[in-house]
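Please look over the sequence and the model below. This report walks through its contacts, its cores and its ligand site.

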Amino acid sequence: MNPGARTMAVYPGSFDPITNGHLDIIARGLSVFDEVTIAILVNAEKQPLFTTEERQDIIREAYAGESRVKVDTFSGLLVDYAEKIGATVIVRGLRAISDFEYEFQMALMNRHLNPRIETVFMMPAERYSYLSSRLVKEVFQLGGDVHELVPPVVERRLRGKYPAPPAPAERRRRRT
Ligand code: PNS
């Protein structure tokens with residue numbers, strides 16, 4: 001190891017949208033590594049709520065002024081992307097045992113593909129152990145409160161995607 005060298009980590013995912021659970025993992029990553037690049041997978045097969053550009057903008061706003069956090073997109077193999085940007089570590093969050101099998105498979109496959117890149121798992125605060133982007137979207141769409149689950153920029157952008165249903169009085173007026 002080269003003393004004084006900066007350790008760059010990549011934190012890959014879909015981030016559709018980023019949640020406070022992701023932010024928690026990124027904060028933990030920053031306490032160990034010099035720089036964390038949040039890498040959004042460009043996946044043509046998935047039908048995301050937010051476009052790749054929107055997700056990138058959201059994350060940039062959430063980390064405005066934080067020079068140790070970078071935001072980027074990638075396609076193809078994660079290990080190739082990591083090597084290209086000079087990252088030697090892949091950070092992944094582990095919320096529960098149910099995450100483990102998938103994460104274990106990915107980590108070992110990535111190690112097989114490129115043994116120079118190490119995967120590091122971090123556990124979020126317990127209050128985020130049930131949190132996922134999918135549930136945030138579902139709860140918001142059904143009128144639930146996501147205030148404590150996502151950064152303010154995400155709540156605002158969710159409101160843009162799912163405008164609030166009209167109030168009952170407004171609905172009555174529209175019918176007449
Ligand atoms: O947030 P997600 O959707 O669980 O993230 C999954 C992600 C982006 C980490 C994973 O799909 C990925 O790394 N895709 C890149 C393709 C790749 O490298 N595949 C081979 C290694 S498993």
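Thr 19 touches Leu 131, Ser 132, Ser 133, Val 136, Leu 149, Val 150 and Pro 151, leaving aside residues up to four places away in sequence. Contact here means heavy atoms within 4.5 Å. Thr 19 sits in the loop between S1 and H1. Thr 19 is buried because its relative accessible area is 3%. Buried means under 20% relative accessible area, exposed means over 50%, and partly exposed lies in between (1.4 Å probe, protein chains only). The side chain of Thr 19 also has a polar atom 3.1 Å from the backbone nitrogen of Gly 21. A polar contact is a pair of N or O atoms within 3.5 Å; within protein, one must be able to donate a hydrogen and the other to accept it, and residues adjacent in sequence count only if both atoms are side-chain atoms.

This is a predicted model: local features need pLDDT of at least 70, side-chain atom pairs count only at pLDDT 80 or more, and totals for chains, interfaces and linings use all residues. Residues are numbered from 1 along each chain as its sequence is written, and side-chain values use heavy atoms, with hydrogens and water left out.

**Two serines**

Ser 133 lies in helix H5. Ser 133 counts as buried because its relative accessibility is 14%. Ser 133 touches Asp 16, Pro 17, Thr 19 and His 22, not counting residues up to four places away in sequence.

Ser 129 is found in the loop between strand S5 (118-122) and H5. Is Ser 129 buried or partly exposed? Ser 129 counts as partly exposed because its relative accessibility is 33%. The side chain of Ser 129 reaches the backbone oxygen of Glu 126 at 2.7 Å. Ser 129 and Gly 143 are 14 residues apart in sequence, and their C-alpha atoms are 22 Å apart in space.

**The whole chain**

The protein chain has 7 helices and 5 strands. Helices (H or I, at least four residues) and strands (E, at least two) are DSSP runs, numbered from the N terminus. Along the sequence, the pattern is β-α-β-α-β-α-β-α-β-α-α-α. The C-alpha atoms fill a box of roughly 75 × 35 × 35 Å, taken along the principal axes. Of the 176 residues in the chain, 41% are buried. Among contacts between residues at least 6 apart in sequence, 75% join residues at least 24 apart.

**The cores**

Which residues of the largest nonpolar core touch the most other members? They are Ile 26, Ile 59, Val 91 and Leu 158, out of 32 residues in that core. A nonpolar core is a set of buried Ala, Val, Leu, Ile, Met, Phe, Trp, Tyr and Cys residues joined through side-chain atoms within 4.5 Å. Several elements each supply at least two residues of this core, among them strand S1 (8-13), helix H1 (20-32), helix H2 (52-62) and helix H6 (152-161). Ile 59 touches Phe 15, Ile 18, Ile 38, Ile 40 and Val 71, not counting residues up to four places away in sequence. A second, separate core has 10 residues, including Val 79, Tyr 81, Ile 90 and Ile 117.

The buried residues of H6 are Val 153, Val 154, Glu 155 and Leu 158. Their cover includes H2 and H5.

**The ligand**

The ligand is surrounded by 13 residues, and the closest are Gly 13, Ser 14, Leu 78, Arg 92 and Asn 110. A residue is near a molecule if one of its heavy atoms lies within 4 Å of it.

| Residue | Polar atom in | Distance to a ligand oxygen |
|---|---|---|
| Ser 14 | side chain | 2.7 Å |
| Leu 78 | backbone | 2.8 Å |
| Arg 92 | side chain | 3.1 Å |

On its own, the ligand has 550 Å² of accessible area, and the protein covers 74% of it. Accessible areas come from the Shrake-Rupley method with a 1.4 Å probe; for residues, only the protein chains shown count as cover.
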